Amino acid sequence: MQIGVIGLGRMGGNIVRRLTRAGHSCVVYDANQATTQALGGEGATPAASVKDLVGKLHETPRTVWVMLPAGKITEATVNELGGLLTKGDNIIDGGNAYYKDDIRRGKAMAATGIHYLDCGTSGGVWGLQRGYCLMIGGDDGAVRHLDPIFAALAPSVGTIPRTDGREGRDPRVENGYLHAGPTGAGHFVKMIHNGIEYGMMQAMAEGFDILRNRGSDKLPVDERFDLNIPDIAEVWRRGSVVTSWLLDLTAEALARDADLEHFSGNVEDSGEGRWTVEAAIEEAVPADVLAASLFTRFRSRQDHTFAEKILSAMRFGFGGHVEQDAKKPA
């Protein structure tokens with residue numbers, strides 16, 4: 001299939017590479033033309049503007065994947081596309097947009113006959129090799145038409161054991177992509193995913209902080225332990241119940257630098273944690289852990305603990321997120 005991709009950052013560029021390797025034809029545009037031309041050298045067709053990108057899409061219905069930060073830049077780009085595309089064409093927002101914005105934009109596009117799909121995309125900087133877990137919202141017909149795109153981006157079944165009792169259920173889920181529901185549902189599911197991620201990261205970070213401080217001179221001498229934190233992270237990866245990709249990333253960071261001196265512990269949040277807590281408030285659902293993990297990120301910008309360095313290391317590991325005003329880890 002032919003598809004346009006706007007926004008060629010850490011994830012957008014690799015989405016293009018994965019689609020190109022799967023045999024799809026990509027027309028690409030980024031405000032940074034050097035990035036656009038670089039992907040042109042890897043088999044994509046570069047475009048000089050959003051209008052130029054749409055003009056180079058010859059396969060109908062036309063499809064454009066928007067991979068930009070949530071907010072004004074995505075809003076402006078979708079609006080521009082709405083004026084360039086026509087009935088039956090597709091817009092996919094694959095960034096971390098707010099689901100209520102998707103619902104509003106979806107209604108506006110539907111009035112012109114354009115299909116608007118929201119796609120929560122998880123996989124970070126590793127998506128090119130591992131594939132992307134996709135959570136999709138939108139019209140069923142449009143989602144099914146675009147199945148070859150989603151299937152190419154998703155991880156596939158791989159080596160993960162199948163879950164007993166799933167006979168007769170949607171096979172796409174086992175391949176790593178889900179049609180979650182109508183417009184907005186995809187980003188809503190991804191939003192809650194990221195809120196859970198906050199809590200999991202916080203629990204792991206606090207645990208390692210407790211381990212590291214067991215040698216404190218404030219404790220009785222016979223209760224002090226000089227623990228090897230990198231080795232604990234590594235042994236937990238081998239058959240323990242807390243085995244996870246987050247633990248893999250933590251173990252890798254600690255193996256390189258046991259004190260995580262390249263991280264300050266200034267932990268940013270990109271919005272999904274806040275939106276998850278807002279959703280919990282709207283639904284009157286208790287979310288103690290998720291709320292506390294969000295507020296810890298706010299506090300981390302005032303003073304820092306080893307736990308927050310662990311959080312920074314994990315964020316860099318899965319998403320390439322570099323601390324503000326901090327150098328990239330070696």
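Visitor: What makes Cys-133 partly exposed?
Guide: Its relative accessible area is 34%, and partly exposed is the range between buried, under 20%, and exposed, over 50% (1.4 Å probe, protein chains only). So Cys-133 counts as partly exposed. Keep in mind that this is a predicted model, where local features need pLDDT of at least 70 and side-chain atom pairs count only at pLDDT 80 or more, while totals for chains, interfaces and linings use all residues. Residues are numbered from 1 along each chain as its sequence is written, and side-chain values use heavy atoms, with hydrogens and water left out.

Visitor: How do you know that Cys-133 is in no disulfide?
Guide: A disulfide takes a pair of cysteine sulfur atoms within 2.5 Å. For Cys-133 the nearest cysteine sulfur belongs to Cys-119, and that is 9.2 Å away. The structure holds zero disulfides.

Visitor: And is Cys-119 buried or exposed?
Guide: Buried, because its relative accessibility is 0%.

Visitor: Why is Gln-2 called buried?
Guide: Its relative accessible area is 12%, so it gets that label.

Visitor: What makes Arg-62 and Asp-89 a salt bridge?
Guide: The rule asks for a side-chain nitrogen of Lys or Arg within 4 Å of a carboxyl oxygen of Asp or Glu. Here the closest N and O atoms are 2.9 Å apart, and the pair passes. Arg-62 is in the loop between helix 3 (50–55) and strand 4 (63–66), and Asp-89 in the loop between helix 4 (72–84) and strand 5 (90–93), so the pair ties together parts that are 27 residues apart in sequence. Both residues are buried.

Visitor: How many salt bridges are there by this rule?
Guide: The count comes to 22.

Visitor: Why does Asp-102 count as buried?
Guide: Because its relative accessible area is 0%. The side chain of Asp-102 meets that of Arg-105 in a salt bridge at 3.8 Å, N to O. Both lie in helix 5, three residues apart, about one turn of the helix. Salt bridges that share partners join Glu-75, Asp-93, Asp-101, Asp-102, Arg-104 and Arg-105 into one network.

How values were computed: Helix = DSSP H or I, 4+ residues; strand = E, 2+ residues; numbered from the N terminus.
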